[in-house]
Amino acid sequence: MYRRPLQVAARSVVNAAACRAACGKALEPEACSRALAACQLARVNSPCSTPCRTLHITSQLCNVKETPQHSEEEVGAFTKLIEAMGFTAPLKYNKWKIKIAALRMYTCCVERINYDEFFEKCTLPDTLNSWFLIAQLHVWMCLVRMRQEGREGKYMCRYIVHSMWEDVEQRSKIMGIDAIHRKEALKAMTETFYAAIFGYDEGILSDDCVLAAALWRNLFNRQCEDPKQLELMVEYVRKQMQFIDALDGEDLLLTGEVKWRPLVEENAQSILKVVTPTYNDTGL
């Protein structure tokens, strides 16, 4: 006997929720009041001594989108207007410090990499183009890391790329390449760089097969026949990205210091393990 009013109340709530999901509107107040009245009626007319739980109704829609997520930096209208005109709005840190840090970070991509080891392990010719392919891979990893640091990081990315093109042009001049061929080579390298950026971005967000395909197209120039070389480079990129992601963002913005893990390691998965704290004899 006492279950019928409860069934009516539950049916009212279900119908109202279904109507809300179909029409995209909030729960109607009338449906809420009818459900509450039915529940109260069941409570009064019920011969059972067990008290009926009060019906909890809320108009708040709970879904996945309400999960707290990392929000981007709020930019005012004046800042958006300045940046739309091609200028840079005031940043959190001094622009000259960020430029110097960008130059230092690019220097880390050039001077802290054992290029001879890459040439040997990946069977690449010792040429300017091979050097550029290895350098752009490390520059891309720095760009991925710095894009996570808001407007300051994006500003730094521009000068990292700017430093790279200046360095490439100076190296081509030192090698004695004439102006015409140098212009053509820089144009080809520019196209290669931005194509590699899209490929590496897709690869780092996908599985190892997609990343291996991006490395095969861009780093090996479609001329790699040894799967072990691809496996080595996929492992290198994964561990390197995980390593630089753990670096402090403010330190990178102000110093630009980046250290790279070696190409070949005995235990490449060691970085994935949580470092256990060391204690002394007193337990501290």
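Trainee: Why does Asn 218 count as buried?

Mentor: In this predicted model, Asn 218 has a relative accessibility of 10%, and buried means under 20%, so the residue counts as buried. Its place is in helix 9, and, not counting residues up to four places away in sequence, Asn 218 touches Leu 133, Ala 195, Ala 196 and Tyr 200.

Trainee: What makes the pair of Asn 218 and Ala 214 a polar contact?

Mentor: A polar atom of the Asn 218 side chain lies 2.7 Å from the backbone oxygen of Ala 214, and the limit for a pair of N or O atoms is 3.5 Å, with one able to donate a hydrogen and the other to accept it. The distance of 2.7 Å is within that limit, so the pair meets the distance criterion.

Trainee: How do you know that helix 6 and helix 7 are roughly antiparallel?

Mentor: Helix 6 and helix 7 pack at an angle of about 170 degrees, with their axes 10 Å apart. Angles over 145 degrees count as roughly antiparallel, and the two helices therefore receive that description.

Trainee: Which residues meet there, and how are they divided by class?

Mentor: From helix 6 the residues include Trp 131, Phe 132 and Leu 143, and from helix 7 they include Ile 160, Met 164, Trp 165 and Arg 171. By class, the contact has 13 nonpolar, two polar and three charged residues.

Trainee: What makes a set of residues a nonpolar core, and which members of the largest one touch the most others?

Mentor: The members must be buried residues of the nonpolar kinds listed for a core, joined through side-chain atoms within 4.5 Å. The largest such core has 64 residues, of which Trp 140, Leu 215, Leu 219, Met 233 and Trp 260 touch the most other members. Helices 4, 5, 6, 7, 8, 9, 10 and 11 each supply at least two residues of this core, and the largest share, 14 residues, comes from helix 6. Leu 215, leaving aside its neighbours within four places in sequence, is in contact with Leu 137, Tyr 200, Phe 220, Leu 230, Met 233, Val 234 and Val 237.

Trainee: How many helices and strands does the chain have, and what share of its residues counts as buried?

Mentor: The chain has eleven helices and zero strands, and 36% of its 284 residues count as buried.

Technical notes. Residues are numbered from 1 along each chain as its sequence is written. This is a predicted model: local features need pLDDT of at least 70, side-chain atom pairs count only at pLDDT 80 or more; totals for chains, interfaces and linings use all residues. Side-chain values use heavy atoms; hydrogens and water are left out. Buried means under 20% relative accessible area, exposed over 50%, partly exposed in between (1.4 Å probe, protein chains only). Helices (H or I, at least four residues) and strands (E, at least two) are DSSP runs, numbered from the N terminus. Contact means heavy atoms within 4.5 Å. Axes are lines fitted to C-alpha atoms, for helices over the stretch in contact, and angles run from 0 to 180 degrees between N-to-C directions. Angles under 35 degrees count as roughly parallel, over 145 as roughly antiparallel, 65 to 115 as roughly perpendicular and the rest as oblique. Ala, Val, Leu, Ile, Met, Phe, Trp, Tyr, Cys and Pro count as nonpolar, Asp, Glu, Lys and Arg as charged, and the others, Gly among them, as polar.
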